[in-house]
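Hi everyone, thanks for making time.

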Amino acid sequence: MSGLSMQTIAEKVGQELGTTGWVALDQSRIQAFADCTGDQQWIHTDVARAKAESPFGGPVAHGMLTLSLLPMWLFDLPAAPADAGAILNYGFDKIRFLAPVKSGARVRARIKLIAATPKEKGRLLLTQEYTVEIENESKPALIAELLVLLVPKTA
């Protein structure tokens, strides 16, 4: 969303900041995430077994893989002011995994600004709600409240 600034972002509290573009969670991305994290559970990485035994009819993305896309979407939209000196991941308040993301599905995030809390030294703590939608599915993959600390530029 263009026009966000350190001075005006608080005016957007309670509003949707926008919807990101779609991202494909194909099997190569799922496998790369498994290799990176060591989470090689068969429901994610063994395509043949997942097709035969999974209740989802095939492999699904790790919930943590889907969650790991949130910082990318923060900048993709953008959902933080460009005039901030630094934009820091501060953590999460709530995370709920609601539906599996099947291998090959596309996901996107709908981002809403829940709060903008002033902190010391001109910093601002944003609470943003991310609803991660799965293309052609009615139930979202997850809903999470991401905390983002905005640090002003130094003179």
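Okay, so let's start with the overall numbers. Of the 155 residues in the protein, 41% are buried, where buried means under 20% relative accessible area, exposed means over 50%, and partly exposed is in between, with a 1.4 Å probe and protein chains only. Before I go on: this is a predicted model, so local features need pLDDT of at least 70 and side-chain atom pairs count only at pLDDT 80 or more, while totals for chains, interfaces and linings use all residues. Residues are numbered from 1 along each chain as its sequence is written, and side-chain values use heavy atoms, with hydrogens and water left out.

The C-alpha atoms fill a box of roughly 60 × 30 × 25 Å along the principal axes. Inside it there are five helices and six strands; those are DSSP runs numbered from the N terminus, H or I with at least four residues for helices, E with at least two for strands. Along the sequence the pattern goes β-β-α-α-α-α-α-β-β-β-β. As for contacts, meaning heavy atoms within 4.5 Å, take those with a separation of 6 or more: 69% of them are between residues 24 or more positions apart.

Now look at strand β6, residues 142-152. Why do we call it largely enclosed by the rest of the structure? Because nine of its eleven residues are buried. And which strands does β6 pair with? One is β3, residues 84-97, antiparallel over ten bridges, and another is β5, residues 124-134, also antiparallel, over nine bridges. Pairing here means that DSSP finds at least two bridges between the two strands.

Next, salt bridges. Side chains of opposite charge can pair when their charged atoms come close. The cut-off is a side-chain nitrogen of Lys or Arg within 4 Å of a carboxyl oxygen of Asp or Glu, and the whole structure has five of them.

One of them joins Glu-16 and Arg-110, with the closest N and O atoms 3.1 Å apart. Glu-16 sits in strand β1 (residues 16-19) and Arg-110 in strand β4 (residues 105-118), so this pair ties together parts that are 94 residues apart in sequence. Glu-16 is partly exposed at 41% relative accessibility, and Arg-110 is partly exposed too, at 27%.

Another is Arg-108 with Glu-133, 2.7 Å from N to O. That pair links strand β4, where Arg-108 is, to strand β5, where Glu-133 is, 25 residues apart. Arg-108 is partly exposed at 22%, whereas Glu-133, at 18%, counts as buried.

Glu-135 is in the loop between β5 and β6, Arg-106 is in strand β4, and they are 29 residues apart. Glu-135 is partly exposed at 29%, and so is Arg-106 at 32%.
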